[in-house]
Amino acid sequence: MRPFLATCLGAACTAALALPPAPAAARPAAAPGTARARGLPGATQSLPLDALGRAAPRTSAAPRRPVVRELTTRRVRPFSLVGVVWDDASVALQGRAQVRTRARGSGTWSGWQELTNASDDAPDPGAEEARDGSAARGSTAPLWVGASDAVQLRLTLTPGTDPAKGADAASVAVRAPVVLPHGLRLELVDPGPNTSALRGEPPVSPEAAASSAANAPLAAPGATEIPAADQAAARADIAAAGEPTPNGPAYIGARPRIVTRAGWGADERLREARFVYTHAVRAAFVHHSATGNNYTCAQAPLVIRALYRFHVKSSHWRDIGYNFLIDKCGTVYEGRAGGVAKPVLGAHTLGFNNDSTGIALLGTFQKTAPPPPAVEALGRLAAWKLGLHSADPRGSTPMTSTGGNLYRKGMVVRQHVISGHRDGFKTECPGALLYADLPAIRQTAARLQGR
């Protein structure tokens, strides 16, 4: 996602403003409408950062130096994922956001970890995406930190930038103050325990029943997984995608095993009830979740539940943004609700969500290579999903941008049928090392389709 501004080390280069630690007896209230308030597992704690305030203006003779603002140690209810959000999705957080967390049980503090600026993972401008009438928020990428019970936050900002106005540091007077985006909040997400008891929703809610029914006839109602199927059986899935079955050969890969939303324990009452579809799937955009690599395969459902809650409750999206997710062991998970075979509109590649599907590998792959099982699963999933719509993974397709920082609104761009996020938006996603694998993945997916 976007590179951060350079920081400056040493007391001479920084000015700090800290909030006092919360007393041991105090606990932040769960955000209204969270599952915890309704007695369901999982919750979101939202800590306002408005008290970090505005730095005093500098004189024109003062050098431009970074300003550090800190939220000092806060003891909180247990959480496992952390991110920062603010009110206006069109505004960028100009600088670095870092967190330290304390492991629950051992009391060990982590080192400072970066929160990647991920405002490019977002709904398209004008998309019917806002949850409960609330405008979509700007955010960093959330970071998976594991079970924790205390947190610290550090913001390193550069005087002379005004993110509220989208100003460029080079064009602003040195005396301009540092301004934080309005409504800045630290979001702490508890995904709930990792037990099989969370799979499904007994009794089944209408939302859960609708989510499950959207996967018919690929799986039975309430199924926790969609079984793998060979190429011959996968041909029948084309009708489930709403496409006519070809008279001649169907170039489609075998269907991979897919863990459903019931399988990873989605609370279907969090999301927008209705499903939104695009016309077809002509391209797949590959992402990394930027949540870090410090999770086990057994924890992957927890990471996905936390991402889901962050996207819906913190970022105000209708549902989780990605259509599919893949963990480091190669397990494929259903993302946004509406049916894995259908062209569900996602919120993953700002400017190119229409007629595409978003596939995210859980992890951060800018400097760490993606695990081979995950890369292999990506090829298998792409061969099947793109084959439902007769898309050749080796080819390219014209797509119309709805607006972004790389292509203006209305511009027709030829995109790879299997593209990286950075092909549609100026970003580091899906990480340099995963992006380097895409040419081989295109060839693998085409071979699996029988091309």
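## The second largest cavity

The lining of the second largest cavity comprises 5 nonpolar residues, no polar residues and 6 charged residues. In this classification, Ala, Val, Leu, Ile, Met, Phe, Trp, Tyr, Cys and Pro are nonpolar, Asp, Glu, Lys and Arg are charged, and the others, Gly among them, are polar. The model is a predicted one, in which local features need pLDDT of at least 70 and side-chain atom pairs count only at pLDDT 80 or more, while totals for chains, interfaces and linings use all residues. Residues are numbered from 1 along each chain as its sequence is written, and side-chain values use heavy atoms, with hydrogens and water left out.

The lining is formed by Arg271, Glu272, Arg274, Phe275, Val276, Arg318, Asp319, Arg336, Ala337, Val344 and Leu345. The space within this cavity amounts to about 70 Å³, and the structure holds 5 cavities of 30 Å³ or more. A cavity is a set of points, on a 1 Å grid over the protein atoms alone, where a 1.4 Å probe fits but cannot get out; lining residues have an atom within 4 Å of a point. Grid points are joined across faces, edges and corners, and the volume is the space filled by probe spheres set on them.

## The chain as a whole

The protein chain contains 8 helices and 17 strands. Of the 451 residues in the chain, 55% are buried; buried denotes under 20% relative accessible area, exposed over 50%, and partly exposed the range in between, with a 1.4 Å probe and protein chains only.

Among contacts (heavy atoms within 4.5 Å) between residues at least 6 apart in sequence, 78% join residues at least 24 apart.

The expected span is 1.5 Å times one less than the number of residues. Because 14 of its 15 residues are buried, H5 is largely enclosed by the rest of the structure.

Helix H6 (residues 372-387) has 16 residues and reaches 22 Å from its first C-alpha to its last, close to the 22 Å expected. H6 is likewise mostly covered, with 12 of its 16 residues buried; among them are Ala374, Leu378, Leu381, Trp384 and Leu386.

## Residues around H6

Gln449 belongs to helix H8 (residues 438-449) and is buried, at a relative accessible area of 1%. Beyond its neighbours within four places in sequence, the contacts of Gln449 include Ala382, Ala383, Leu386 and Gly387, as well as Gln231, Tyr251 and Pro393.

Ala341 stands in the loop between strand E13 (332-334) and strand E14 (356-361), and counts as buried at 5% relative accessibility. Residues up to four places away set aside, Ala341 touches Trp384 and Lys385, along with Leu218, Asp237, Ala240, Ala241, Leu388 and His389. Its C-alpha atom is separated by 8.5 Å from that of Gly242, 99 residues apart along the chain.

## Loops and backbone details

Where does the residue His316 lie? His316 is in the loop between H5 and strand E12 (324-326). Its phi is near 65°, a positive value in a residue other than glycine, and His316 counts as buried at 16% relative accessibility. Ser390, in the loop between H6 and strand E15 (396-400), has a positive phi of about 55° although it is not a glycine. Ser390 is exposed, with a relative accessible area of 60%.

Cis peptide bonds are also present: one joins Ala216 and Pro217, with omega about 0°, and another joins Cys429 and Pro430, with omega about 10°. Pro217 is placed in the loop between helix H1 (206-213) and strand E9 (225-226), and Pro430 in the loop between strand E17 (418-420) and helix H7 (432-435).

Technical notes
Helices (H or I, at least four residues) and strands (E, at least two) are DSSP runs, numbered from the N terminus. On a 1 Å grid over the protein atoms alone, a cavity is a set of points where a 1.4 Å probe fits but cannot get out, and a pocket is an open set with protein on both sides within 12 Å along at least five of seven lines; lining residues have an atom within 4 Å of a point.
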